[in-house]
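Dear colleague,

I am handing over the structure below, together with some notes on what was found in it.

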Amino acid sequence: MKCTRCHAKEATVFYREIINGKETKYALCNDCANEVEKENGSFFADPLGGNLLGSLFAGVTPKMPQKKAEKKCTLCGATFRQLAENGKVGCPACYTSFREELAPTLKRLHGAAVHRGRAPEKFQAKRTAMEKIAALEGALKKAIESEEYEEAAKLRDQIRDLRAQ
Amino acid sequence: MYWYETEGTDRDVFVSTRVRLARNLVDYPFDPRLDETGAKEIIEKIRTVFATEQGYTFTDFTGVTENEKLSLVEKHLVSPEFARKKTPCAMIENNEQQVYIMVCEEDHLRIQGIRSGFDPRGAMDAALKADAAIDAKLHIAFDEELGYLTHCPTNLGTGLRISVMMFLPALTATGRIKSIQGQLSKIGLTVRGTTGEGSAAKGCLYQFSNSVTQGVTEEEILNNLQQAVGTIAQAERETRQQLLENNADLLKDRVMRALGTMGSAYMMDTEELYRLYADVRMGVAMGICDTVTYTQLDTLLIHCMPATLTARAGESLSASQRDKLRAEHLRTSIQKLC
């Protein structure tokens, strides 16, 4: 079977990925597998393998430059290398401190998913306000298109007030 | 009353439903970076929140004996990891015994709602009520893109795990459970044994739970799980019917022998109890036996677990003493019912 990426060499790495119920199959040659692994981290990590999570932290390999690995979390002082060894973050702030480094791992675990569920009350209020602003902006656009400038001015003021909050 | 002592929906297949929300406080690291002072501060903050909420009881785990902790694990109210903790931790429970909050477990807070039978919505509502009380007074770690921030990245997002304990003797006996297990990952579900991760399915009891926590809403997780376990429940009921049609006499014999052994044995270990429990419970579900109810059977099983049995005895017991006491408890309970 030919590699599904370069369509030239013989495929030697076969990989099946299931994210959010969506199954994707890969058949890659050695060269393509190495390139994809460099981009996304190891193929062979098990997302639900308990203590295997350490191997999930893509980006930390023996080849990783020492300088990058020694960046520390602003709250708990953990390095990304320590996170990778434990398979778990050191504190909630690690997600901000190592946002870039954690991104491949989180992508593999959850897909490119963005949180859509509940939120603490103060975030929920902000989320509701943003949804209102988006709706008002739509109405504003329509009002301008139909040359209802008085209505447009009212909508603009409402948007401004919501943004100020 | 504990969850297992109450009536519930679809008890022929569903034993219990548990909802768990993982939550953390900003400004505090996770175990093992969380020192004793930090853990005590978190515990005090949570204690203060629930001191002003009606109907909750706070328990400092420092004063709880090892056996009492293990008994809580046997009742599926706290995790085995939580019971093993040597650093400061605490538990909050509500008066209805439907909400259990583990403080300083893997996450700072594991808010659990637990109900008898199949009731994910009831369990969720109970957990969310406690969650709202905490959210109103404390600053919970949250990121607009990532959702609730958790110790383990697998729980990110909603931090929600819905676990349904199912009783599947017919699918186990026919081996069909293996093909079901093989298909679960495709629909975002995982299955574990009776007591959680890595444990075996004793008593034909399986825990099904969602594996995806991010990029989906709580409602979507609930609906997906409800649909999946509904299909499994239907397969179990159909298989039971087929077994009954083809092997009625053999099944009746097996069920009544199991009940007879429960009501007359003088020594019994937990392995044998699990086997007998599964046979009798299947007999109740198939209409072969009406001597006991699901509630009575599930209560008996938990009361006969090692730590819970020891707690009832009020003294430490050797394995053979436990086997004797277990048989005695079963004998008197079953004989009362017959």
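**Two loops in chain B**

B:Pro32 sits in the loop that runs between β1 (14-23) and α1 (36-51) of chain B. The peptide bond leading from B:Asp31 into B:Pro32 is cis in this predicted model, with omega near 10°. Another loop of chain B, the one between β3 (90-94) and β4 (99-103), holds B:Gln97, and for B:Gln97 phi is near 55°, which is a positive value in a residue other than glycine.

**Helices of chain B**

Helix α7 (residues 218-262) of chain B has 45 residues, yet its end C-alpha atoms are only 42 Å apart, whereas a straight helix would reach 66 Å at 1.5 Å a residue. In α7(B) there is a kink of about 105°, and this kink is centred on B:Asn247.

Further along chain B, helix α8 (residues 270-285) packs with helix α9 (residues 294-303) at an angle of about 175°, the two axes being 10 Å apart. An angle over 145° counts as roughly antiparallel, and therefore α8(B) is roughly antiparallel to α9(B). On the α8(B) side the residues that take part are B:Leu273, B:Tyr277, B:Val280, B:Arg281 and B:Val284, and they meet B:Tyr294, B:Leu297 and B:Leu301 in α9(B). Sorted by class, this contact of α8(B) with α9(B) has 7 nonpolar residues, no polar ones and 1 charged residue.

**Where the chains meet**

The contact between the chains takes 37 residues from chain B and 32 residues from chain A. On the side of chain B that touches chain A, the elements that give two or more residues are α4 (120-137) and β6 (142-143) of chain B. The residues on that side of chain B divide into 16 nonpolar, 13 polar and 8 charged.

**Confidence**

For the complex, the predictor gives an ipTM of 0.85 and a pTM of 0.81. Chain B has a mean pLDDT of 94, with 98% of its residues at 70 or more, while for chain A the mean pLDDT is 77, and 72% of its residues reach 70 or more. Among the elements of chain A, helix α4 (residues 94-97) has the highest mean pLDDT (95), and helix α2 (residues 66-69) the lowest (48). Over residues 41-52 of chain A the pLDDT stays under 50, and the model has 24 contacts beyond four places in sequence for this stretch. The pLDDT is also below 50 over residues 61-69 of chain A, a stretch that has 6 contacts in the model beyond near neighbours in sequence.

With best wishes

Technical notes. Residues numbered from 1 in each chain as written. Chains lettered and ligands numbered in written order. Predicted model: local features only at pLDDT ≥ 70, side-chain atom pairs only at ≥ 80, totals over all residues. Axes fitted to C-alpha atoms, helices over the stretch in contact; angles between N-to-C directions. Helix = DSSP H or I, 4+ residues; strand = E, 2+ residues; numbered from the N terminus. Parallel < 35°, antiparallel > 145°, perpendicular 65-115°, else oblique. Contact = placed C-beta atoms within 7 Å. Nonpolar A, V, L, I, M, F, W, Y, C, P; charged D, E, K, R; others polar. Expected span 1.5 Å × (residues − 1). Bend = angle between axes of the 7 residues up to and from the residue. pLDDT = per-residue confidence, 0-100.
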